[in-house]
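Hi,

Here is the structure I promised to pass on.

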Amino acid sequence: MTDFMTGAAQIFTLATLAYMLAGSVAGIVAAAIPGFTVTMAIVLTLPLTFTMEPLQGIAVMLSVYVGGYTGGLISAALLGIPGTPSSVATTFDAFPMARNGEPGRALSIGVWASFFGTVISTIVLIFAAPPLALFAVRLGPWEYFSLIVFALTIVASLVGTSAMRGILAGLIGLAISTVGTDPIMGRPRFDFGIEMLQAGLPFLVVLIGIFAISQLVSEVENADSVRSGNALVTGAIDFQTWTVMKEVLMRPVNLLRSSIIGVLIGALPGAGGSIANLVAYDQAKRGSKNSEKFGTGEPDGIVASEAGNSATAGGGLIPLIGLGIPGSAVDAILMASLMVHGISVGPRLILDHGDLVYGMFIAMVVASFMMLIVSIFSMRLFLRVTEVPKWLIVPVVMTCCVVGTFALNNRVTDLYLLIFIGITGYTLRALGYALAPLVLGVILGPIAETNLRRALMTDEDPTLFFTRPISLIFLIAAFVSIVWAVRSHLKNRTSTERPTHAPTS
Amino acid sequence: MNGHDPMKSQEAGLVARLLSYVFLLLASVGLFISASGIATSRFEKLGAGAFPKIIFATMAIVSAIAIIDALRQIPRRAYGDFAAQAVAWAKRCYLVFVCLGALTAYLLTIPLLGFSIASLIFLFVLQVILMPRTPKSIALAAVVAVVFSFGLNWLFAEVFTVFLPRGVL
């Protein structure tokens, strides 16, 4: 209870609330711009939070996160272009509804569904994370190593178009993590005599290069689309805020089901908002009495998609807080930001830094309220955001990336690293490698290595990985996920692979 | 679709991926050998080189499987078309190279010109290259360039006390 009060006291200060408000606005604006993903927005927020208190910084990033899931709705509903991969299913019904002359209603339904989705997922998070952490502190290095193997294989097989390239991407990430001194004895590895590499590749520079630079560059692949502007839905927009709230609440089954789907998918490593919205939409369609209306502007479709994707925010925090294992790229960034402040993330987080964890729960709820308030009062303004042309966004965000990279360590050499990693990231993206497994590999690599070596230092017997029951379960699960991925790969063999690029958030 | 054959460019994509697998295989074998040279202390069963060796061995196996898989998928004619398709792709995506080139030049000139001036030039030039050029959009680009170069520098120095590179000039 003391922890809860301390956490609350840190969140409810004027400065924190003001920063969080700015974060909500930034998240909504960023995600409303087609091509600007939630992940990118959070990556860019990170350097700004270094000077803040740990909880304050994480609260701001959560606001960007929650806001971002809503912002994707704006371009999805009005332009029919998902602003982020997590709002793909939103376009199915919100766009037709907007086209049928009810753009305000479509947006309001989405905003309310997002709000309730986030709140429901936070409630689940509050009840699920502490018991998971209590269970996790009893795990030894064997279980931990097996858990990470499982997390990486499932990420690799779920994300992107090809399990094979997903696994390779994860391995590249792990390989990147081995550059620099080794985590146990401090022996130098793979620095090739270059001074810059001796301390290892800074995770955040890798993150900015891999996600932001490669995404920005891929936005200009099509020269015609860069030079043309998008037309916005015109005409009067009536938001009918309160009527719509009742309308959304009148669909409790759909709302709850979609949120729970979002939480579960969010808690699964690798799967996130980009999958949850489609699954929730599909389930809502199956469960609906008028399923034939889906795709023509059915409110249930919007509710399902938006509640589903927003609920992954809370779901993704469950393994992060409970186990210290980030489930998605965004959670990896949140974890990195805590590590920058010297807080080690693991199952002991909730025991050692209870105020921080409770503060995060409170921040989630506050962030969703802020998102709601900001959306209701300034939706009209955000409509203009979707008009920002790509030729302006790409150079400006690149400059922000450069500032962010430099501000991390005040090192010019990091900038050279940024361009190298950016080019590598774009090459991988163009070749259809999913980037999320790579990033998770980079952050999980040292944890996996430490646990593996610690396990063998404690007891030289390597069979313990297979004889300790929990460890065995994780390894079997990892094996099953690979077999499953290979099977679906063989099934799709006849149908040719599409050359589309994998979504990255 | 700009007059290009989607089928052929898809096949060229498969060849490009095959090349990436080959690269990964060679790199992982090379790094595996280099990891074998890392000394192990006698106090531990697994030395500093063991974990990298596991990773590179797995990577070599997976990329070898990927190579075999890709070789079976790619029709023979695709190899002959590859060079032409790659050039066609590069032409279609020329703006990608322009952006990466501009970014590289920008990052290399920051230590020389300082953050503000280098950013001003980078922002203005890249916007002008990418935009449909009208007097209005050029004026907007100029304003944006000033705000996100000198403005950002001021914000970081005054608010966050992070001093961006000043340059030697």
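Let me start with a helix pair in chain A: α4(A) and α15(A) run roughly antiparallel to each other, because their axes cross at roughly 165° and anything over 145 counts as antiparallel. Keep in mind throughout that this is a predicted model.

For orientation, α15(A) covers residues 329–340, and its axis comes within 10 Å of that of α4(A). The crossing is right-handed. If you want to find the contact on screen, look for P54(A), G57(A), I58(A), M61(A) and Y65(A) on the α4(A) side, which meet V330(A), L334(A), S337(A) and L338(A) on α15(A). Sorted by class, that contact has 7 nonpolar and 2 polar residues, with no charged ones.

α4(A), which spans residues 54–79, also packs against α14(A), residues 299–323. Here the axes come within 9 Å and cross at roughly 160°, so these two helices are roughly antiparallel as well. α4(A) passes α14(A) in a right-handed crossing. On α4(A) the residues involved are Y65(A), V66(A), Y69(A) and L73(A), and they meet E306(A), N309(A), S310(A) and A313(A) on α14(A). This contact has 5 nonpolar, 2 polar and 1 charged residues.

Now for chain B. There are 6 helices and 0 strands in it, so it is a plain run of α elements from the N terminus on. How spread out is chain B for its 169 residues? Its radius of gyration is 24 Å, well over the 15 Å from the globule rule, so chain B is more spread out than a compact globule. The C-alpha trace spans about 60 × 55 × 25 Å along its principal axes, and 31% of the residues in chain B are buried. Among its contacts between residues at least 6 apart in sequence, 68% join residues at least 24 apart.

Finally, the place where the two chains touch. It takes 48 residues from chain B and 46 from chain A. On the chain B side, the elements giving two or more residues are α1, α2, α4, α5 and α6 of chain B. Which of them gives the largest share? That is α2(B), with 10 residues. By class, the chain B side has 35 nonpolar, 9 polar and 4 charged residues.

Cheers

Note on methods:
Residues numbered from 1 in each chain as written. Chains lettered and ligands numbered in written order. Predicted model: local features only at pLDDT ≥ 70, side-chain atom pairs only at ≥ 80, totals over all residues. Axes fitted to C-alpha atoms, helices over the stretch in contact; angles between N-to-C directions. Helix = DSSP H or I, 4+ residues; strand = E, 2+ residues; numbered from the N terminus. Parallel < 35°, antiparallel > 145°, perpendicular 65-115°, else oblique. Left-handed = near helix turned anticlockwise from the far one by under 90°. Contact = placed C-beta atoms within 7 Å. Nonpolar A, V, L, I, M, F, W, Y, C, P; charged D, E, K, R; others polar. Rg over C-alpha atoms; globule rule 2.2 N^0.38 Å. Buried ≥ 20, exposed ≤ 12 C-beta atoms within 10 Å, placed from the backbone.
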